[in-house]
Amino acid sequence: MSEFYNLPSGVVKALTEKHTSLNGKILAPYDPMHLLTDNLKKQGLQITVNENEENLYDSFWWSSLQTQNFSWTTAVTIGSNDYNQYILEYGLQIAQEGLIVLDRLSFLEPATKRRRFLRENPLTKMIVLSPRPKFRAIGSTRDSVTACWFIFEKNRPNQGTEIVYALDWDAVKPLTPLT
């Protein structure tokens, strides 16, 4: 995710509440500001993070991760077009369970860079966030987009894509009464 963006904490909580099989060792292939990583750790998950963008373009770096037995690769790919293909292709290859990415809903459009990936890797689940998250951190204008967690599970028969809505993911939960 570009440093231009922030990541509301409720967005990650929506993932962990709606996709309960997210467990085991998780790789965040690029999270230099720890926006995703810190939120996943708050949910009690074990996560390894890469902060060096150059690693994403290095097939030897990706190969070295294959022996680390990651269950999932999880990334925020909004605003990061240059290296998305590496995260999608290699991230899915090294994870035992699958790949999870947060992106704009338009990720589904089979653009040239994603066409083969989307054709060859069935999308098993979408968690659509409503209301639209506001990702932009710098400046006065907010970047509010229809965003979605896209989940590509391995070893699951292709039975279509399950669509789940994370409604009111940004709602403030009531405080527990003091006793």
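**Notes on the predicted model**

1. Let's start with Thr73, which sits in strand 3, spanning residues 72-76. Please keep in mind that this is a predicted model. Thr73 is buried, because its relative accessible area is 0%. Its side chain reaches the backbone oxygen of Gly91 at 2.8 Å. Around Thr73, the contacts beyond four places in sequence are Leu27, Pro29, Gly91, Ile94, Ala95, Gly98, Leu99 and Ile100.

2. A word on the overall layout. The protein chain has 6 helices and 7 strands, and from the N terminus these elements follow the order α-β-α-β-α-α-β-α-β-α-β-β-β. Of the 179 residues, 45% are buried. If you take contacts between residues at least 6 apart in sequence, 73% of them join residues at least 24 apart.

3. Helix 1 (residues 9-18) is worth a look in your viewer. Its buried residues are Gly10, Val11, Val12, Ala14, Leu15 and Thr16. They pack against helix 2 (35-42) and against strand 3, strand 4 (98-104), strand 5 (125-130), strand 6 (147-153) and strand 7 (162-167).

4. Glu17 and Lys13 are about one helical turn apart, because 4 residues separate them in helix 1. An α-helix has 3.6 residues a turn, so residues three or four places apart point the same way. Both partners count as partly exposed: Glu17 has 46% relative accessibility, and Lys13 has 34%.

5. The structure holds 4 salt bridges. In another of them, Arg116 pairs with Glu120, with the closest N and O atoms 3.0 Å apart. These two residues lie 4 residues apart in helix 6 (residues 115-120), so about one helical turn separates them. Arg116 is partly exposed at 39% relative accessible area, and Glu120 is partly exposed at 47%. Salt bridges with shared partners join Glu89, Arg116 and Glu120 into one network.

6. Glu153 and Arg156 also form a salt bridge through their side chains, at 3.2 Å from N to O. Arg156 counts as partly exposed, because its relative accessibility is 29%.

7. Finally, the surface. The accessible surface of the protein chain comes to about 9,600 Å², and 47% of it belongs to carbon and sulfur atoms. Ile163, Tyr165 and Leu167 make a nonpolar surface patch of about 330 Å². Leu167 lies in strand 7 and counts as exposed, because its relative accessibility is 58%.

Conventions. Residues are numbered from 1 along each chain as its sequence is written. This is a predicted model: local features need pLDDT of at least 70, side-chain atom pairs count only at pLDDT 80 or more; totals for chains, interfaces and linings use all residues. Side-chain values use heavy atoms; hydrogens and water are left out. Buried means under 20% relative accessible area, exposed over 50%, partly exposed in between (1.4 Å probe, protein chains only). A polar contact is a pair of N or O atoms within 3.5 Å; within protein, one must be able to donate a hydrogen and the other to accept it, and residues adjacent in sequence count only if both atoms are side-chain atoms. Contact means heavy atoms within 4.5 Å. Patches are made of residues with over 30% relative accessible area and no salt bridge: like charges are joined within 9 Å, nonpolar side chains (Val, Leu, Ile, Met, Phe, Trp, Tyr) within 5 Å. Accessible areas come from the Shrake-Rupley method with a 1.4 Å probe; for residues, only the protein chains shown count as cover.
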